[in-house]
Amino acid sequence: EDFASATRSASQVLELDPDNCKALFRRASALLARASHLEAKADLMQALRIAPNSTEIRHKLEEVRSRMQDSDEWQKIAYGGVFGRSPEQRLVRRDLDDLPRVWLA
């Protein structure tokens, strides 16, 4: 499916009518399919303000939240060690008599 086109079409409708609940829902669905979770959530929250009793919007919002959580968990697994704590540094005592004396001569 052409989700980019669906996003553009819904955005054009929303330019004319910013409170069009159906366009918000369709754009959110297309954004969700393109993994734009935050934008999809924002559109669904706005749609929910317009139509607070819509179970369809609530179900889609729950799907977005679930996918966001899955994405967060995947990122923790994928990048968990990259930006983790640095290993503890230990102080290593060295005997100066064992060092070469080349620079002291």
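Which residues does A47 touch, not counting residues up to four places away in sequence? A47 touches C21, L24 and I57, where contact means heavy atoms within 4.5 Å. Before the views, a word on the model: this is a predicted model, in which local features need pLDDT of at least 70 and side-chain atom pairs count only at pLDDT 80 or more, while totals for chains, interfaces and linings use all residues. Residues are numbered from 1 along each chain as its sequence is written, and side-chain values use heavy atoms, with hydrogens and water left out.

**View 1. Helix α1 and its buried side.** Helices (H or I, at least four residues) and strands (E, at least two) are DSSP runs, numbered from the N terminus. Helix α1 covers residues 3-16, and its end C-alpha atoms are 20 Å apart, which agrees with the span its 14 residues should have at 1.5 Å a residue. That expected span is 1.5 Å times one less than the number of residues. Look for T7, A10 and L14, which are buried; buried means under 20% relative accessible area, exposed over 50%, and partly exposed in between (1.4 Å probe, protein chains only). These three cover an arc of only 70° around the axis, which puts them on the same side of α1. The arc is that of the directions from the helix axis to the C-beta atoms. Helix α2 is included in what covers the buried residues of α1. Turned away from that buried side is a face with the exposed residues R8, Q12, E15 and L16.

**View 2. Helix α3, with buried and exposed residues on opposite sides.** Helix α3 runs over residues 37-50 and reaches 20 Å from its first C-alpha to its last, close to the 20 Å expected. Its buried residues are H37, A40, D43, L44, A47 and L48. They cover an arc of only 140° around the axis, which puts them on the same side of α3. On the other side, you will find L38 and R49 exposed.

**View 3. The largest nonpolar core.** A nonpolar core is a set of buried Ala, Val, Leu, Ile, Met, Phe, Trp, Tyr and Cys residues joined through side-chain atoms within 4.5 Å. The largest one has 16 residues, and those with the most contacts inside it are A40, L44, A47, I57 and V64. The elements that give two or more residues to this core are α2, α3 and α4. Helix α2 gives the most, with 7 residues.

**View 4. A salt bridge between D43 and R27.** A salt bridge is a side-chain nitrogen of Lys or Arg within 4 Å of a carboxyl oxygen of Asp or Glu, and a search of the whole structure finds 3 of them. Here the side chains of D43 and R27 meet at 2.6 Å, N to O. The pair links distant parts of the chain, with D43 in helix α3 and R27 in helix α2 (residues 21-33), 16 residues apart. Both D43 and R27 are buried.

View 5. E63 forms a salt bridge with K60 (3.6 Å, N to O), and another with R67 (3.0 Å, N to O). Salt bridges that share partners join K60, E63 and R67 into one network. An α-helix has 3.6 residues a turn, so residues three or four places apart point the same way. K60 counts as buried because its relative accessibility is 19%, whereas E63, at 29%, counts as partly exposed. R67, at 35% relative accessibility, also counts as partly exposed.
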